[in-house]
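Where do the charged side chains of this protein pair up? This report takes the salt bridges in turn.

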Amino acid sequence: MISVVVPVFDEERSVALLYEEVQAALDPLGEWEAVFVDDGSLDGTFAALTRLHARTDNTRVVRLRRNFGKSTALAAGFAQARGEIVVTIDGDLQDDPAEIPRLLAKLDEGFVLVTGWKAKRRDPLRRRILSKVFNWVVGRVSGLRLHDMNCGLKAYRIEVVRGLTLYGELHRFVPVLAHERGYRVAELPVHHRPRGHGRSRYGIERYLRGFLDFLTISFMGRYRYRPLHLFGGLGLVLGITGFAILVYLTVVKLTGHAIGGRPLLILGVLLMVVGMQFFSLGLISEMITSHHEERALARETNDARIEEVLT
C-alpha cells in the first residue's frame, strides 16, 4: 500500500485537482491512500477536503488547530499513514504527480529514500539563487551532495518515516537525517510546474531559520554521543593557546620586563579559564550521555528477559 501525504495551507482550489492527478498516477499500481493535512488554513481548504473525503473512499484528512508549519504537518501525516511506502507532495500543484511511479521504481533499486530534483525550476530568480546557495552549503557540511534538499516530492520506505522527529524547519533536511542514520538516499530529476493558484509563502527568513536548524542537526548528528570531542577539543585549543601565551610572558618577566599592564596577560588568563570551562562542559555532557545510554541498555536488557506478555 502507498500512502501519499499532502500538507496544505490555503490551497482550496488545488486539493481536488491534485487528488485527480495522483489518482491517475497511482491507480494502475494498486492500493493507495491520500492523507491530506490541513495546516490551519484560513480559506475554504478544509471544506474542500471534507467534500473530497465524502466522495472518495481512500482519502483521509487531518486538521491542525492552527498553522504550525510544514514540519509539523508532515509529522502529523506520517503518523496517520498506513502504507509500507510513503510519498510526500506539496499541495500547490507545482510538483507533478505523474513522476511518482518513477520515484517508486527508484526505491526498488535498493534505496530507502528518493528525493526529487527540480532540474528546471519554475520559481522566481531570487528563490532559485537562494536555493542553490542553501543546497551547496548543506551539501558541503553534511557530506550528502544533492541538488535539491527541499523538493516536496519524495518517496520513503516506512522505516525512515517512523524514525523521523520533525519540528521547526527540519522538513528541509529529511535526506540529511536519513543519511546520518545510514539509509541509502537517491535523487531523481522531476518535472516542475509554475504555480497556478495562490502565492508562495517562502522567503529569505525561512532559509535563515532553516540554516539554524541545520546547525542543530549537524551538532546532534556528529557529536550527540561524543560531546567531549567537540567541547573538549575547543577547550584544549583555547587552553593550550592561553598556556603558551603565559609561558611567553613568564620568560619576558624573568628577563626583567614588566608584564602587568600588557593586554596579552589578560588574554592568556582568559583563554586558560574559558578552555577549562569548555573541557569541563564536555566531561559533564559525556557523563549525561553515558547515563542515558546505560538506562536505555538496562531497559533493553529487561525487555529481553521477558518471554511473554498477555494483555
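## Basis

This is a predicted model, in which local features need pLDDT of at least 70, side-chain atom pairs count only at pLDDT 80 or more, and totals for chains, interfaces and linings use all residues. Residues are numbered from 1 along each chain as its sequence is written, and side-chain values use heavy atoms, with hydrogens and water left out.

## Overall count

The whole structure holds nine salt bridges. A salt bridge here is a side-chain nitrogen of Lys or Arg within 4 Å of a carboxyl oxygen of Asp or Glu. E21, D96 and R193 are joined in a network of such bridges.

## Bridges between distant parts

R60 pairs with E33, with the closest N and O atoms 3.7 Å apart. The two lie 27 residues apart: R60 is in strand 3 (residues 59-63) and E33 in strand 2 (residues 32-38). Strands are DSSP runs of E, at least two residues; helices are runs of H or I, at least four; both are numbered from the N terminus.

K118 bridges to D148, with the closest N and O atoms 2.9 Å apart. This pair spans 30 residues, from strand 5 (residues 113-118) to the loop between helix 5 (125-142) and strand 6 (154-157).

## Exposure of the partners

Buried means under 20% relative accessible area, exposed over 50%, and partly exposed in between (1.4 Å probe, protein chains only). K118 and D148 are both buried. E33 is buried at 0%, whereas R60 is partly exposed at 22%.

E99 and R102 form another salt bridge, 2.5 Å from N to O. E99 is buried at 11%. R102 is partly exposed at 38%.
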